[in-house]
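Dear colleague,

I am passing a structure on to you with this message, and below it you will find my notes on what turned up when I went through it. Please read them with the coordinates open beside you.

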Amino acid sequence: MVISETFAGLGIFKTLYDSAKALKDINDATVRNGAVIELQEKILSARDAQTALLERVGELEKEVARFETWETEKKRYKLTDFGGATFAYLLTPEAANGEPTHRICATCYQRDQKSILQFAHGGEGQDYYRCPVCDKTQAFGIHQRSEPGDYEDDWISVRR
């Protein structure tokens, strides 16, 4: 009987040992799971950062392509003085490639944009063209004095 009780006591100790070991394993699993979750969060954060960087690279590549296209396009135009302090960029005949002759806004050109000036109206020896982008109106041609002795300047510059 003592032997059976001894074995029973040893069995209890073994059970307690196994339980303690299981508790330790549970604790290790919790720590491991916490580390796995933290690692997954870091991976997701790194993936989000990578996605943001790839989007930014794509945007910059598009911007570089736009700049390169504009550099090629702007070489097709020449700054021209149309008199009366009116300047615009005129499509050069050798670069027309079948396009009709036209003028683009000098202000927009300086902002790396191509904006073709549109005829607005004519009068007093001048034609007025409006820029659809910056909404400025420019007078082309020689200003006609309405009456002799009129001391108004002989030009109209850029109007808003």
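How far is the sulfur of Cys108 from the closest cysteine sulfur, and in which residue does that sulfur lie? Please keep in mind throughout that this is a predicted model. The closest cysteine sulfur to that of Cys108 belongs to Cys131 and is 3.5 Å away, which is too far for a bond, since a disulfide requires the two sulfur atoms to be within 2.5 Å. The count of disulfides in the model accordingly comes to 0. Cys105 is likewise in no disulfide, the nearest cysteine sulfur being that of Cys134 at 3.6 Å.

Between strand 1 and strand 2 the antiparallel pairing extends over 5 bridges, and Thr80 has Ala88 in strand 2 as its bridge partner.

Strand 5 (residues 126-130) and strand 6 also run antiparallel, and they are joined by 4 bridges. Arg130 stands opposite Thr137 of strand 6, and the hairpin that these two strands make has 6 residues between the strands, with Asp135 taking a positive phi near 65°. In a regular strand, side chains alternate between the two faces of the sheet. For strand 6 (residues 137-140) both faces are covered, given that Thr137 and Ala139 on one side, and Gln138 and Phe140 on the other, are all buried.

Most residues other than glycine have a negative phi. Asn97, however, has a positive phi near 50° without being a glycine; its place is in the loop between strand 2 (87-91) and strand 3 (103-105), and with a relative accessibility of 69% Asn97 counts as exposed. Asp112 is not a glycine either and has a positive phi of about 60°; this residue is placed in the loop between helix 2 (106-110) and strand 4 (118-123), where it counts as partly exposed at 28% relative accessibility.

A polar atom of the Arg76 side chain lies 2.8 Å from the backbone oxygen of Ala95, while the side chains of Arg76 and Glu99 are joined by a polar contact of 2.4 Å. Leaving aside residues up to four places away in sequence, Arg76 touches Leu90, Leu91, Thr92, Ala95, Ala96, Asn97, Glu99 and Lys114, so that the Asn97 with the positive phi is among the residues that Arg76 touches.

Finally, the aromatic rings: the count of aromatic pairs comes to 5. In one of them, Phe82 and Phe140 have ring centres 5.0 Å apart and planes at 80°, so the pair is edge-to-face. Because Phe82 lies in the loop between strand 1 and strand 2 and Phe140 in strand 6, this pair ties together parts that are 58 residues apart in sequence. Phe82 is partly exposed at a relative accessible area of 21%, whereas Phe140 is buried at 5%. Another pair, that of Tyr89 and Tyr109, is stacked, with 3.5 Å from centre to centre and 15° between the planes. Here Tyr89 lies in strand 2 and Tyr109 in helix 2, so the pair ties together parts that are 20 residues apart in sequence, and both tyrosines, Tyr89 and Tyr109, are buried. Phe82 and Phe140 also belong, together with Phe119 and Tyr129, to one aromatic cluster.

How values were computed:
Residues numbered from 1 in each chain as written. Predicted model: local features only at pLDDT ≥ 70, side-chain atom pairs only at ≥ 80, totals over all residues. Heavy atoms only, no water. Buried < 20%, exposed > 50% of the residue type's maximum accessible area, 1.4 Å probe, protein only. Pairing = 2+ DSSP bridges. Polar contact = N/O pair within 3.5 Å; in protein donor to acceptor, adjacent residues only side chain to side chain. Contact = heavy atoms within 4.5 Å. Phe/Tyr/Trp six-rings, centres within 6.5 Å; stacked < 30°, edge-to-face > 60°.
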